[in-house]
Amino acid sequence: MDANLKEHQQQAAAVPTAAPVAAQKAAANYKGFVAGVFSGIAKLSVGHPFDTIKVRLQTTDASRFSGPLQCVTHTIRNEGILGLYKGASPPLVGWMFMDSVMLGSLTVYRRLLRDNLFNPPWHPLHDPARPLPSHGHGLAGILAGMTVSFIAAPVEHVKARLQIQYAARKEERMYKGPIDCLKKVYTHHGIRGVYHGLGATMLFRSFFFFWWGTYDVFSKWMTQYTQMSTPAINFWAGGLSAQVFWLTSYPSDVVKQRIMTDNLGGGVGDGVRRFPRWRDAAVAVYRENGAKGYWRGFLPCFLRAFPANAMALLVFEGVMRSLPG
């Protein structure tokens with residue numbers, strides 16, 4: 001009797017109760033959201049000047065800027081080095097929040113997909129040690145992209161409008177800053193105006209499938225076939241996967257930027273709206289520059305993709321490892 005009781009107590013001790021398991025999951029979730037804040041700071045610090053050049057090339061014709069180098073020199077000569085950081089205030093706050101939501105929700109979606117779709121505990125082949133497959137990471141990326149779009153759309157909308165203000169003197173600009181821009185848009189167009197370009201933003205972020213799917217592929221390959229440290233793997237996998245993402249998603253980003261910088265009309269006083277539908281903006285890009293128009297501004301974007309996202313993923317994974325829980 002004593003032997004049976006002892007055996008039963010040992011078995012009970014070996015099986016985790018629901019409370020500790022729930023606490024572990026909650027801890028894993030919070031880490032992703034906290035680490036995402038630091039990822040956003042790193043991404044903005046490295047990437048915003050590249051982003052300014054990209055947006056300016058995407059939203060103007062070749063008569064204004066012949067290419068990225070001419071755009072950089074023109075911007076610095078006329079607006080100073082801080083001209084490259086125009087519109088940085090919204091993404092500084094926004095990307096901290098956006099990366100927190102994106103990477104935090106990505107962490108949650110990864111776990112949910114693994115535990116409920118790819119490796120459910122009720123399945124006869126369930127293996128607690130089996131990782132989420134690469135295409136599962138891609139699906140989690142799509143879900144995270146859809147989630148963060150509701151934050152990204154207004155942030156990127158305001159940022160884009162500030163980035164295409166070319167006047168060196170503030171009094172000559174339509175918007176004095178991000179708050180003024182947001183106030184004017186909301187006053188004359190309401191919440192719908194603030195979320196101008198949401199559909200295009202969600203379409204663009206559906207390509208997160210390629211980012212997070214290839215991040216897992218690169219990470220596994222480097223772990224298996226190289227002697228690099230974990231931080232080095234995070235850096236290289238983060239940079240390479242971001243470049244895959246931009247190679248697949250860039251044309252949709254060009255169309256998104258055209259929509260977000262389109263005239264809103266009405267009381268804003270910026271002219272008549274040109275692109276009431278996504279297709280209208282896509283057709284306009286092709287009509288103006290042909291197929292190459294969908295890749296205008298790609299070089300600064302591609303050059304930015306590696307350092308900005310490599311640093312962001314290095315910081316994110318490092319913070320994830322350092323946080324307790």
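**View 1. Packing of helices H8 and H9.** In this predicted model, helix H8 (residues 208–225) packs against helix H9 (residues 230–260) at an angle of about 145 degrees, and the axes of the two helices lie 8 Å apart. The crossing in which H8 passes H9 is right-handed. On the H8 side the contact is made by Phe208, Phe210, Trp211, Thr214, Tyr215, Phe218, Ser219, Met222 and Thr223, while the H9 side contributes residues including Ile233, Trp236, Leu240, Val244, Phe245 and Thr248. Sorted by class, the contact of H8 with H9 has 13 nonpolar and seven polar residues, with no charged residues.

**View 2. The largest nonpolar core.** This core holds 47 residues, and the members that touch the most other members are Met98, Met102, Trp211, Trp212, Trp246 and Leu313. At least two core residues are supplied by each of helix H2 (18–58), helix H4 (89–118), helix H5 (134–163), helix H7 (198–205), H8, H9, helix H10 (278–289) and helix H11 (298–322). H9 gives the largest share of this core, namely nine residues.

View 3. When residues up to four places away in sequence are not counted, methionine 102 touches Lys43, Ala144, Val148, Phe208, Trp211 and Trp212. A second, separate core consists of eight residues, among them Leu162, Tyr175, Val185 and Val194.

**View 4. Arginine 64 in its loop.** Arginine 64 is placed in the loop between H2 and helix H3 (68–79), where, leaving aside residues up to four places away in sequence, arginine 64 touches Gln70 and Tyr166. Because its relative accessible area is 38%, arginine 64 counts as partly exposed. From phenylalanine 218, arginine 64 is separated by 154 residues in sequence and by 39 Å in space, taken from C-alpha to C-alpha.

**View 5. The protein chain as the setting for these views.** Among contacts between residues at least 6 apart in sequence, 78% join residues at least 24 apart.

Methods. Residues numbered from 1 in each chain as written. Predicted model: local features only at pLDDT ≥ 70, side-chain atom pairs only at ≥ 80, totals over all residues. Heavy atoms only, no water. Axes fitted to C-alpha atoms, helices over the stretch in contact; angles between N-to-C directions. Helix = DSSP H or I, 4+ residues; strand = E, 2+ residues; numbered from the N terminus. Left-handed = near helix turned anticlockwise from the far one by under 90°. Contact = heavy atoms within 4.5 Å. Nonpolar A, V, L, I, M, F, W, Y, C, P; charged D, E, K, R; others polar. Core = buried A, V, L, I, M, F, W, Y, C linked by side-chain atoms within 4.5 Å. Buried < 20%, exposed > 50% of the residue type's maximum accessible area, 1.4 Å probe, protein only.
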